[in-house]
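Colleague: I am new to this model. Please take one part of it and give me a close look, then show me a few single residues for contrast.

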Amino acid sequence: MEKQTIGWMFMLSGKNGIVRVKVNFDDRFKDDKFYCDNEKITIVSDGVILNKSELFAKYKVTTLEDLLFLLLKKDEFTFFKEFIGPFNGFYRNKETGVLIVWGNQTGDSAPFYYVGVDGNVVVSNKFNLVYEELKRNGMVYSFSDKAAYQLLSFGYMVDDSTFLKEVKRVRAGKYLFVSEKGMNIKEWHRFSYKVKIDMGMNEAIELIDQGFRKAVKRCFDKDTEYGYKYHLVDLSGGLDSRMTTWVAHDMGYRNIVNICYSQSTSLDCQYAKDVAHFLGNQFYVKYLDEASFVREVEEVTKKNFGMGYYAGITGGNQFLKFLNFRVLGLEHTGQLGDLIVGGGYLKSLREDTIDVNGIKYSNRVSCEDINVSGYEGHELMSLYLRGFQGALSTHYIRSNYTRTNIMS
């Protein structure tokens, strides 16, 4: 028997009103997930809510079910806006016909949707489930040339495109709103630097450190909450992943397992090994000298739904296959750390200058119609496109093994 895909899917046929719901949760972080289907509503909340215990204390509840229904009463359309972590889900009000589909603030667990002119609707947190449902029901779909050009130019999708022209992705901080009046994409969260804070350098450093430590605590405590024996932390030669490991150790977390995948003679590998050994962490390395990961085109592309260059995860997929996730919790990464310490998102450009060509991998092919008008500057444009859409596209791959978080 073929293994059933982990994920959720909702389908509504506009012709006859038939509704199909498929929910298949795995057992990892099961108390952070919820499914309810009654005479009034259908709701699915999937993933990991890193600040769940904080919300329980704030609203004086003890279960995710109680929290969700309380928040629904408070704000039906964006009740999930206080959640932090790799989460997604959908909500349907059967009395009004309203459908809400959401991902998280960084878009790394973003769902996909198809809304046809005939009223057919298919949504899922797995692109492959949407595709299978379209085929099953004979719904129209076609290849997207636009998506192909984006992948060739940037190495990832820079807007809501997928390789099916009719299927889109719910992007970071957005949600899909479907009603009898039609479909809209609305925004519920936006990172911004419009608010200016007057403080000295030392004060700013202290504030960043406090925020980072709060994020580390949320992430590592989630492992402890579910009784996972070891904290899985990616470690390379980069300052971003080193800070995750170092600060966690400084905060008293032990049983840290560092993993690294790189060439055996690289400084990336040497620095990672030195840090892990200095802190007394377990350290495992997969050498990439034989470069076998470049032959995993079909497997990795299926796992990341074509949202990014298949080799962008390098040896990560191979490594994760061989780990024992019965004792390992979340995968804690240093991704997006170069936003702060690496200068990769803002180089010599003025704050008010936006240059989408500056984040391309290649200019050999033309890639038109990239709308960057909604961003305040180059740094935020790079964060959303190069960071959320590009770097974090590997989280779709990693979600086949565990949930992945960034320290946010």
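Modeller: The lining of the largest cavity has two nonpolar residues, one polar and four charged (nonpolar: Ala, Val, Leu, Ile, Met, Phe, Trp, Tyr, Cys, Pro; charged: Asp, Glu, Lys, Arg; polar: the others, Gly among them). The model is predicted: local features need pLDDT of at least 70, side-chain atom pairs 80 or more, while totals for chains, interfaces and linings use all residues. Numbering runs from 1 along each chain, and side-chain values use heavy atoms, without hydrogens or water.

Leu71, Lys74, Asp75, Thr78, Phe79, Lys81 and Glu82 form that lining (an atom within 4 Å of a point on a 1 Å grid where a 1.4 Å probe fits but cannot get out). The volume is about 40 Å³, the space filled by probe spheres set on the points. The structure has one cavity of 30 Å³ or more.

Now asparagine 317. It sits in helix H9, residues 316–321 (a DSSP run of H or I, at least four residues; strands are E, at least two). Asparagine 317 counts as buried because its relative accessibility is 0% (buried is under 20%, exposed over 50%, with a 1.4 Å probe). Its side chain makes a polar contact of 3.1 Å with that of lysine 303 (N or O atoms within 3.5 Å, one able to donate a hydrogen, the other to accept it). Beyond four places in sequence, asparagine 317 touches Glu296, Glu299, Val300, Lys303, Ile397 and Tyr401 (heavy atoms within 4.5 Å).

Last, phenylalanine 29. It lies in the loop between strands E2 (19–24) and E3 (34–37). Phenylalanine 29 has a positive phi of about 55 degrees, though it is not a glycine. It is buried, at 1% relative accessible area. Lysine 60 lies in the loop between helices H1 (52–59) and H2 (64–74). Lysine 60 is exposed, at 75%.

Definitions and conventions
1 Å grid on protein atoms, 1.4 Å probe; cavity = no way out; pocket = protein on both sides within 12 Å on 5 of 7 lines; lining within 4 Å.
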